[in-house]
Amino acid sequence: MDGTREHLIETYRKKARHYDITSRFYPVPGYPQQAQRLQAVQALGLRPGDSVVEIACGTGLNFSLIEQVIGPEGRIVGVDLTDAMLAQAQHRIETNGWSNISLVQADAAEFDFPAEADAILSTYAMSQVPECADVIAHGVAALSPGGRWVVLDLKVPDNTPRWLAQLGIALVRPFASIDEWIVRRPWEAIRAEMQDRLADFSWSELFFGSAFLAAGSRGSRTVDESPQGTGPD
């Protein structure tokens, strides 16, 4: 495991116990995080009985929003890199009496997505995964036809005043190597991969461009599954 992942694990282990409280002020006091989370879940287009994979589920802050739609007949698979965050998620599950949620400790880049998922969600985490484009591709391959992939995450604002650019940088400073994050510009890789692989792709910039909501559906055939040998002889 490289230094980036080790840093993430240690960072979130320290934050896990009080994460539900401190996240209310993330990334800055007054930031409309909960409204954005709701917007992301709504973008999944869920129905009762659907199966949802949440990448980097953390303590399960999105679980209740998803459960309200899919109901007890649906299913959630929560995936996270950090054991301490999953322990808090398990406590949330037990407190609410949910029996349709399973948790998996795994690196998103190495996670084996379950086949025929109806939806995949990631909030405020995908840009921290160096292999974010690969994760998007693996998820698309696992979606059922018409299944939705939704990513809500942070970015550095484009063509905005200096103070807003500095805000975007400050948002991720506690969680990642900021210089590496700026150079890598992961939101661009996420956008390109989703746009290439998903139908009805949409991209919305939020909070003065410091965040984005990307969404799309898997069509009946993905890019990698296009028919072979159909061109002219």
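User: Where is glutamine 105 found?
Analyst: In strand β3, residues 101-105. Strands (E, at least two residues) and helices (H or I, at least four) are DSSP runs, numbered from the N terminus. This is a predicted model: local features need pLDDT of at least 70, side-chain atom pairs count only at pLDDT 80 or more, and totals for chains, interfaces and linings use all residues. Residues are numbered from 1 along each chain as its sequence is written, and side-chain values use heavy atoms, with hydrogens and water left out.

User: What does glutamine 105 touch, not counting residues up to four places away in sequence?
Analyst: Asp80, Leu81, Thr82, Asp83 and Leu86. Contact means heavy atoms within 4.5 Å.

User: How many Å separate the C-alpha atoms of glutamine 105 and aspartate 80?
Analyst: 5.2 Å, with the two residues 25 apart along the chain. The glutamine 105 side chain also reaches the backbone oxygen of leucine 81, at 3.4 Å.

User: New topic. Which residues of the largest nonpolar core touch the most other members?
Analyst: Val53, Ile55, Met126 and Trp149, out of 29 residues. Such a core is a set of buried (under 20% relative accessible area, 1.4 Å probe, protein chains only) Ala, Val, Leu, Ile, Met, Phe, Trp, Tyr and Cys residues joined through side-chain atoms within 4.5 Å.

User: Which element gives the most to this core?
Analyst: α6, with five residues.

User: And where does pLDDT stay under 50?
Analyst: Over residues 221-233. pLDDT is the predictor's confidence in each residue, from 0 to 100. Where it is low, the predicted coordinates should not be read in detail. The protein averages 86.

Technical notes
A polar contact is a pair of N or O atoms within 3.5 Å; within protein, one must be able to donate a hydrogen and the other to accept it, and residues adjacent in sequence count only if both atoms are side-chain atoms. Buried means under 20% relative accessible area, exposed over 50%, partly exposed in between (1.4 Å probe, protein chains only).
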